[in-house]
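This report describes the architecture of one protein model. The sequence and the structure are shown below, and the description follows.

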Amino acid sequence: MEQAVLTISSKNYSSWSLRGWLMMKFSGLSFEEHMVSLDDASVRAEILLLAPSILVPCLTHKGLKVWDTLAIGEYLNEVRPKAGLIPADLAARTHCRSICGEMHSGFTSLRSALPMNIRGRFKNFKIWERAQADIERINSIWTDCLTTYGGPFLFGSKPGLADAMYAPVVSRFITYDVELTLAASTYSKAILELPAMQEWIAAALAEPEQIEELESEF
Ligand SMILES: N[C@@H](CCC(=O)N[C@@H](CS)C(=O)NCC(=O)O)C(=O)O
């Protein structure tokens with residue numbers, strides 16, 4: 001199929017869907033979104049045809065299938081090179097790929113203890129020590145990028161791959177009442193003001209699906 005189709009799941013809970021969807025928006029490639037519920041066995045069979053990992057997001061475009069969020073980002077950078085998803089400068093590009101890799105394979109404590117839940121609000125949430133270490137590392141990544149490249153986004157004036165990778169963290173910090181450093185608060189504001197992010201949040205707020213286990217303090 002010529003037209004790009006991005007398959008995603010819940011806008012309230014699926015952080016990887018948000019990352020892939022923001023990459024699509026930042027790339028400027030027009031696409032249709034296909035929303036699925038991965039709890040349904042027949043849907044899982046359908047997803048298997050698009051992504052052997054049976055995970056979302058996955059992209060189909062011009063007869064190609066791309067699954068796994070980082071691969072989607074790299075693909076978009078190839079087909080939309082002028083969008084600047086990845087910085088042009090070698091040093092910045094290397095830095096960008098390193099922090100994207102860090103998010104893709106790391107921060108497991110933060111991810112498991114503070115799952116994305118855009119609608120949720122947990123005041124005075126008790127943050128586990130290892131999740132706190134992840135938060136501190138993220139703060140230092142953001143501070144370093146904003147200082148080096150001048151903001152308001154991680155690699156300068158336009159949002160790109162790294163911002164898509166870190167945007168769900170901005171939402172988690174609000175949900176779990178995480179105390180923000182000045183850099184984190186400035187960066188969060190820039191992300192939340194993006195029209196694409198506002199569009200996603202509005203859809204997440206309107207979504208009826210609820211996962212009970214994620215709706216109480218745990
Ligand atoms: N490493 C994968 C992770 C994707 C992932 O874990 N996606 C979740 C949704 S956020 C998923 O599809 N989970 C399967 C399920 O819920 O059954 C990527 O980068 O795309």
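How many residues of domain 1 are in contact with how many residues of domain 2? In this predicted model, 15 residues of domain 1 are in contact with 17 residues of domain 2. On the side of domain 1 that touches domain 2, the elements giving two or more residues are α1 and α3. Helix α1 provides the largest share of that side, 8 residues. By class, the residues on that side of domain 1 comprise 7 nonpolar, 5 polar and 3 charged. Domain 1 covers residues 4–83 and domain 2 covers residues 90–204, and their C-alpha centres lie 20 Å apart.

**Overall fold**

The protein contains 9 helices and 4 strands. Read from the N terminus, its elements follow the order β-α-β-α-β-β-α-α-α-α-α-α-α. The protein is as compact as a globular protein of 218 residues, because its radius of gyration of 17 Å is close to the 17 Å that the globule rule gives for that length. Its C-alpha trace spans about 45 × 45 × 30 Å along the principal axes. Of the 218 residues, 39% count as buried. Among contacts with a separation of 6 or more, 70% are between residues 24 or more positions apart.

**Surroundings of the ligand**

The residues around the ligand are S9, S14, S15, W16, S17, L38, L55, V56, D68, T69, L70 and H104. Helices α1 (15–27) and α3 (69–79) each supply at least two residues of this shell. The largest share, 3 residues, comes from α1. The composition of the shell is tabulated by class.

| Class | Residues in the shell around the ligand |
|---|---|
| Nonpolar | 5 residues |
| Polar | 6 residues |

**Helix α8**

Which residues of helix α8 (residues 182–192) are buried? They are A184, Y187, S188 and I191. These residues lie on the same side of α8, because they cover an arc of only 105 degrees around the axis. On the other side of α8, L182, S185 and K189 are exposed. The buried residues of α8 pack against three helices: α6 (129–149), α7 (161–175) and α9 (195–206).

Definitions and conventions. Residues numbered from 1 in each chain as written. Predicted model: local features only at pLDDT ≥ 70, side-chain atom pairs only at ≥ 80, totals over all residues. Rg over C-alpha atoms; globule rule 2.2 N^0.38 Å. Buried ≥ 20, exposed ≤ 12 C-beta atoms within 10 Å, placed from the backbone. Contact = placed C-beta atoms within 7 Å. Arc of directions from axis to C-beta. Near = placed C-beta within 6 Å. Nonpolar A, V, L, I, M, F, W, Y, C, P; charged D, E, K, R; others polar. Domains from an automatic or database assignment.
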